[in-house]
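Q: I have a new structure open and want a quick tour. Can we go through it together?

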Amino acid sequence: MTVRSNKALDLARMMIKQAKLLKGAGLIAEAKALARRAIEINAIGHQATRLQAQPVRIAGPRR
C-alpha cells in the first residue's frame with residue numbers, strides 16, 4: 001500500500017463516522033451525501049492498493 005492509498009482509506013473511514021454523527025443529529029440528506037463521497041473515495045483507495053499487471057518480455061528460443 002502506498003501512503004496515498006492509506007490516506008484515502010483513512011479519510012473514507014473518517015467520513016463514514018462523520019456521516020453517522022450527522023444522521024444521529026437528524027441531518028439525513030447531508031449524511032447520505034457524505035457517505036456517497038466516502039464510498040467513492042474508499043473505492044479509489046482500494047483500486048490503488050491492487051496489484052498492477054507488469055509487462056514481461058518473453059525470451060526468444062535458445063539456439
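Q: Is Arg-13 buried, exposed or partly exposed?
A: Arg-13 is partly exposed, at 49% relative accessibility. Buried means under 20% relative accessible area, exposed means over 50%, and partly exposed lies in between (1.4 Å probe, protein chains only).

Q: Before we go on, what kind of model is this?
A: This is a predicted model, where local features need pLDDT of at least 70 and side-chain atom pairs count only at pLDDT 80 or more, while totals for chains, interfaces and linings use all residues. Residues are numbered from 1 along each chain as its sequence is written, and side-chain values use heavy atoms, with hydrogens and water left out.

Q: Back to Arg-13. Which side chain does it meet in a salt bridge?
A: That of Asp-10, at 2.6 Å, N to O. A salt bridge here is a side-chain nitrogen of Lys or Arg within 4 Å of a carboxyl oxygen of Asp or Glu.

Q: How exposed is Asp-10?
A: Asp-10 is partly exposed, with 39% relative accessibility.

Q: And where do Asp-10 and Arg-13 sit relative to each other?
A: They are three residues apart in helix α1 (residues 3-24), so about one helical turn separates them. An α-helix has 3.6 residues a turn, so residues three or four places apart point the same way.

Q: How many salt bridges are there in the whole structure?
A: The search finds one.

Q: Zooming out, how many helices and strands does the chain have?
A: Two helices and zero strands. Helices (H or I, at least four residues) and strands (E, at least two) are DSSP runs, numbered from the N terminus.

Q: Is the chain compact or spread out?
A: Its radius of gyration is 20 Å, well over the 11 Å that the globule rule gives for 63 residues, so the chain is more spread out than a compact globule. That radius is taken over C-alpha atoms, and the rule is 2.2 Å times the number of residues to the power 0.38. The C-alpha trace spans about 75 × 20 × 10 Å along its principal axes.

Q: How much of the chain is buried?
A: Buried residues are 16% of the 63.

Q: Let's take α1. Which of its residues are buried?
A: Ser-5, Ala-8, Leu-9, Ala-12, Met-15 and Ala-19. They cover an arc of only 120° around the axis, which puts them on the same side of α1. The arc is that of the directions from the helix axis to the C-beta atoms.

Q: What do those residues pack against?
A: The buried residues of α1 pack against α2.

Q: Which exposed residues are on the face turned away?
A: Val-3, Lys-7, Met-14, Lys-17, Leu-21 and Gly-24.

Q: What follows α1?
A: Gly-26 does, with a positive phi near 95°.

Q: Now α2. How far does it reach?
A: With 22 residues, α2 reaches 31 Å from its first C-alpha to its last, close to the 32 Å expected at 1.5 Å a residue. The expected span is 1.5 Å times one less than the number of residues.

Q: Which residues are buried in α2?
A: Ala-31, Leu-34, Ala-38 and Gly-45 are. Down the axis of α2, its buried residues fall within an arc of 70°, so they line one face of the helix.

Q: And what is exposed on the other side of α2?
A: Ala-29, Arg-36, Ile-39, Glu-40 and Ile-44.

Q: Tell me about Gly-45. What does it touch?
A: Leaving out residues up to four places away in sequence, Gly-45 touches Ser-5, Ala-8 and Leu-9. Contact means heavy atoms within 4.5 Å. Gly-45 is buried, with a relative accessible area of 1%.

Q: How about Ile-41, what is it in contact with?
A: Apart from its neighbours within four places in sequence, Ile-41 contacts Ala-8, Leu-11, Ala-12 and Met-15. Ile-41 is in helix α2 (residues 28-49). It is partly exposed, at 22% relative accessible area.

Q: Last one. Where is Ile-58?
A: In the segment after α2. Ile-58 is exposed, at 77% relative accessibility. Its C-alpha is separated by 46 Å from that of Ala-35, 23 residues apart along the chain.
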